[in-house]
Amino acid sequence: RAPRVAPLRLRVRARALAARSGNMEIGSGRLIQKSVKIAAGAVVCVESEIRGDVTIGARTVVHPKARIIAEAGPIVIGEGNLIEEQAFIINSYPENLVPQKEDIEPKVMTIGTNNVFEVGCHFEALKIGDNNVIESKAYIGRNVILTSGCIIGACCHVNSCEVIPENTVIYGVDCMRRVQSERPQPQTLQLDFLMKILPNYHHLKKTVKGCSTPIKS
């Protein structure tokens, strides 16, 4: 007798459940293992979109509808970061390169610790330090290097090729700049609250035991 084959609707449902668990994604009609590594202690909602080689450190919170896309290379996110709804973090190819036609070496996007990516911000910079705040609807281009303790104000657009000095505040319609005396404080209390409340209302992506982000020397 020929072996029984599960009905199509059951096979489709099984694939959907595997994809929803955060360990698989569907491509070309088959399940593909994703290289998303989530450290124990991180809270990553299932409704977020994470694609490619992404590592998320402990105590980092990723809200529903946030998007993290590792297109041109890996993304390494450190500990204690807060990534809010509709924030878009992407390691993308330069606009003048066609990845299918050119041999492009992958470049790693490195995100430090205790950074805040507020609602609807767009972030492409390959390097960001610690204790920065990217406010709502702000845009940071690929050629920017953000050091530490900086605040990029709401709706500000920074797409120059430069290193932003520590404790810089960019604000206003004209993207005015000033230097603050102290860097923003870590959002420890908010992270603690979110880590307790989000699991009550959202399914979470599974963490990887033993996974941790490298400690900076």
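Visitor: Which residue in β8 does R51 stand opposite?

Guide: R51 stands opposite I69 in β8. The strands concerned are β5, residues 49-51, and β8, residues 67-70, which pair in the parallel sense over three bridges. Please keep in mind that this is a predicted model.

Visitor: How many bridges join β8 to strand β11?

Guide: Four bridges join β8 to β11, which covers residues 88-91, and these strands run parallel. Within this pairing, A70 stands opposite N91 in β11.

Visitor: Where do the side chains of a strand point in general?

Guide: In a regular strand, the side chains alternate between the two faces of the sheet.

Visitor: Let us turn to cysteines. How many disulfides does a search of the whole structure find?

Guide: A disulfide requires two cysteine sulfur atoms within 2.5 Å. The search of the whole structure finds zero disulfides.

Visitor: Is C45 buried or exposed?

Guide: Residues under 20% relative accessible area count as buried. C45 has a relative accessible area of 0%, so C45 is buried. C150 is likewise buried, because its relative accessible area is 0%.

Visitor: Which residues line the second largest pocket?

Guide: Its lining consists of S92, Y93, P94, E95, E124, Y139, R142, N143 and N159. These residues divide into three nonpolar, three polar and three charged. The volume of the second largest pocket is about 190 Å³.

Key
Residues are numbered from 1 along each chain as its sequence is written. This is a predicted model: local features need pLDDT of at least 70, side-chain atom pairs count only at pLDDT 80 or more; totals for chains, interfaces and linings use all residues. Side-chain values use heavy atoms; hydrogens and water are left out. Buried means under 20% relative accessible area, exposed over 50%, partly exposed in between (1.4 Å probe, protein chains only). On a 1 Å grid over the protein atoms alone, a cavity is a set of points where a 1.4 Å probe fits but cannot get out, and a pocket is an open set with protein on both sides within 12 Å along at least five of seven lines; lining residues have an atom within 4 Å of a point. Grid points are joined across faces, edges and corners, and a volume is the space filled by probe spheres set on the points. Ala, Val, Leu, Ile, Met, Phe, Trp, Tyr, Cys and Pro count as nonpolar, Asp, Glu, Lys and Arg as charged, and the others, Gly among them, as polar. Two strands pair if DSSP finds at least two bridges between them. Helices (H or I, at least four residues) and strands (E, at least two) are DSSP runs, numbered from the N terminus.
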